[in-house]
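Thanks for coming. Please have a look at the model before I go on.

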Amino acid sequence: MLKPTIFSMMLTWFVAAVALPVVADDEATKNSETVTVTSNKEAAGQDQQQEQQGKKKAADKTSAARLRAIREVMAEISMESLVGEKIQPLELKPDPLLRYNDVTRGILDSCIFRIGIKGRPVALISAELYGREGERCLLNHEFVAFHQPKLKMQRDNFVWEPPTGNLTFHDLPNSDPPVANERLRLAQMRKLSDQFTASQMVGTSRIELRRMATPIDRYTPSDAPRAVGAIFAFAWGVNPEAALVLESDGEKWLYAWAPLSSAPLEAKLGETVAWQCPQATEHESRTAAYTSIHRAMKVPEYFDTPDE
């Protein structure tokens, strides 16, 4: 999710550690200056294999210890819902929606968490651990507000209180209403998501992103019969860069997009541009719908403890 230009600046503070033995997608091993555009159809043939590779932790003996460290990091973020005149605590779903490590970008471990337990997520927050030097490593958070977030979050001296979110919903034309069977409804959402393609710019190169086969989140947006929602991640290698949100009120389908990256992004519905997101430039912005923060992190003593 973090772009090479930002990562280069951060490496002036840290020396990259030896990469974890997790298999990465071949296309992701190319740097931004030599990468070639890969069509969505070509990427689709490798989709299932890439997801299995991204999730594979068998060769990594400290997976559980790192996840524990990330959960402790997330517990340091206070979250409040600003609905009406009441201020109520927001809950973070304890299990990440997606977990991966990107060897080519030096990511030791990365998780995406959803804020809000029920219904559509209020926001997504990533926690990424980068190049380690001795007892310290770099922690990066990306904050992505969804629709009408009405929230306040704080980590140390950084306060995030975006007035608006990233999601703008549009009708999905020529789509049948949700089917009654839940399993077939998932297949229906996958088919609908296939109508979209997404890409990002890295320098002067346009990178075609691949849709992950399985939605990273499914939820019920309302009490209406057959109401359903799902979030599909579009990735470069194993690294998610954009999120397609599909929702139905039980009668018609809607779609919206959100960035999972600071890079310029574009999505198409068929041959028509459906969404564009410019380069994110507001680092540590209190009000931006997408922003990021970087912190130095002391590695906990148990960090290298092998899994039992």
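The side chains of Arg218 and Glu182 form a salt bridge, with N and O at 3.9 Å; by salt bridge I mean a side-chain nitrogen of Lys or Arg within 4 Å of a carboxyl oxygen of Asp or Glu. This pair links distant parts of the chain, 36 residues apart: Arg218 is in strand S12, Glu182 in helix H5, residues 182–193. Helices (H or I, at least four residues) and strands (E, at least two) are DSSP runs, numbered from the N terminus. Arg218 is partly exposed, at 36% relative accessibility, and Glu182 is exposed, at 54%. The cut-offs are under 20% relative accessible area for buried and over 50% for exposed, with partly exposed in between, using a 1.4 Å probe and protein chains only.

Before the rest, the source. This is a predicted model, in which local features need pLDDT of at least 70 and side-chain atom pairs count only at pLDDT 80 or more, while totals for chains, interfaces and linings use all residues. Residues are numbered from 1 along each chain as its sequence is written, and side-chain values use heavy atoms, with hydrogens and water left out.

The structure holds 16 salt bridges in total. Another one joins Asp217 to Arg114, the closest N and O atoms being 2.7 Å apart.

Next, Arg120 and Glu247: their closest N and O atoms are 2.5 Å apart, in a salt bridge. Arg120 is partly exposed, with a relative accessible area of 25%, whereas Glu247 is buried at 5%.

There is also a network: Glu76, Arg155, Asp156, Glu284 and Arg295 are joined by salt bridges that share partners.

Now the sheet. Which strands make it up, and in what order? Four strands form an open, antiparallel sheet, ordered S2-S1-S7-S8, where two strands pair if DSSP finds at least two bridges between them. S2 (86–89) and S8 (158–160) are the edge strands; each has a single partner strand, so one side of each has no neighbour in the sheet. Strand S1, residues 78–83, runs antiparallel to S2 and is joined to S2 by four bridges. In that pairing Leu82 is opposite Ile87 of S2.
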